[in-house]
Amino acid sequence: MKNNSLVSIYDYSKEELLELLEDARHFEENPNQDLLAGKVVATLFFEPSTRTRLSFETAINRLGGRVIGFSDAATSSSSKGETLHDTIMMVSNYADLIIMRHYLEGAARYASEFSPVPIVNAGDGANQHPSQTMLDLYSIYKTQGTLDNLTITMVGDLKYGRTVHSLLMAMYYFKPRFNFVACNELQMPVEYKNFCDKHGIEYHEYTDFSEEVINETDILYMTRVQRERFTDLMEYERVKNLYTLRNSMLAGSKDNLRILHPLPRVNEIAYDVDSNPKAYYFKQAQNGLYARQAIICKVLGIKVNR
Ligand code: CP
């Protein structure tokens with residue numbers, strides 16, 4: 001990848017992913033270090049964010065770097081018609097690294113092709129969200145003690161949910177078994193099912209969110225229906241509340257089951273699940289800080305002394 005950019009989780013080998021997990025563990029134990037002294041990092045968010053932007057910015061601050069950028073593209077000159085190309089060329093004059101979220105699929109890849117500084121994809125449309133995947137992998141590893149041979153059930157918006165697309169690709173190295181639970185309108189896209197077929201990854205598709213599926217699951221990955229991706233809001237209204245996890249549905253689940261959600265949640269997880277020890281989504285978001293510290297150091301070529 002040009003400039004060490006992180007565009008897709010598939011840019012990293014298994015060994016690189018495992019190294020990043022070790023770095024994340026190191027940062028969890030030592031979050032405050034001076035590794036980014038003298039560095040300026042730009043966070044350009046053309047789409048809304050709470051966790052991704054704030055955890056990246058916290059990661060930079062805790063490593064002694066400085067942050068510039070915008071959280072609302074309406075306050076940038078893109079609102080005057082400046083192209084993404086020109087925005088990236090300008091910001092690369094000021095920053096050592098650009099972390100970018102954009103509503104267009106492929107925007108991060110495009111930027112990485114000409115940017116003089118590395119680009120980290122903080123989500124591009126319905127395509128990929130690789131830094132989320134690093135914190136998901138770290139969360140899975142911490143809670144299961146392994147990444148290998150797990151049954152992962154993905155529920156909700158598998159069509160537009162970029163987090164499930166990235167996670168599916170990353171798990172390819174670890175012999176997963178997937179359950180895809182989605183309504184007909186929001187099924188896992190064919191290219192990701194082809195990816196599974198090509199790499200011998202077992203998957204099963206369901207429209208029913210049954211306790212039978214939950215009870216065989218190690219990681220239950222709930223997702224929000226991505227309202228912002230629908231061109232037909234009537235269709236969104238039809239599908240938005242089809243799958244809600246309630247505490248009563250977990251009665252027969254495995255002891256090691258953990259419930260993940262990239263957040264924000266809308267109606268996918270009832271509040272009575274929050275007090276169940278198997279609920280891990282808030283801790284998962286905290287893990288984002290450490291995973292993103294690891295990513296920033298890797299793309300900037302900064303050695304982490306574990
Ligand atoms: N998980 C995630 O990407 O959250 P934000 O949209 O709040 O960044």
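Predicted model: local features only at pLDDT ≥ 70, side-chain atom pairs only at ≥ 80, totals over all residues.
1. Helix 7 spans residues 190–198, and its buried residues are Tyr192, Lys193, Phe195 and Cys196. These residues lie on the same side of helix 7, because the arc they cover around the axis is only 150 degrees.

2. After helix 7 comes Gly200, with a positive phi near 65 degrees.

3. Tyr103 sits in the loop that runs between strand 3 (97–102) and helix 4 (107–114). Tyr103 counts as partly exposed because its relative accessibility is 47%, which falls between the 20% and 50% limits.

4. Beyond neighbours within four places in sequence, Tyr103 contacts Phe46, Glu47, Gly125 and Arg229. Gly125 is 22 residues away along the chain, yet the two C-alpha atoms are 4.3 Å apart.

5. The largest pocket has a volume of about 370 Å³. Its lining comprises 21 residues, with Arg101, Arg162, Arg224, Leu263 and Pro264 nearest the centre. Helix 2 (51–62) and helix 6 each give two or more residues to this lining. By type, the lining holds four nonpolar, ten polar and seven charged residues.

6. The second largest pocket has a volume of about 160 Å³. Helix 1 (14–29) and helix 10 (281–299) each supply two or more lining residues, and helix 1 gives the most, with four. The lining divides into four nonpolar, one polar and six charged residues; Glu16, Asp23 and Arg306 are among the lining residues.

Note on methods
Residues numbered from 1 in each chain as written. Heavy atoms only, no water. Buried < 20%, exposed > 50% of the residue type's maximum accessible area, 1.4 Å probe, protein only. Arc of directions from axis to C-beta. Contact = heavy atoms within 4.5 Å. 1 Å grid on protein atoms, 1.4 Å probe; cavity = no way out; pocket = protein on both sides within 12 Å on 5 of 7 lines; lining within 4 Å. Points joined across faces, edges and corners; volume = space filled by probe spheres on them. Nonpolar A, V, L, I, M, F, W, Y, C, P; charged D, E, K, R; others polar.
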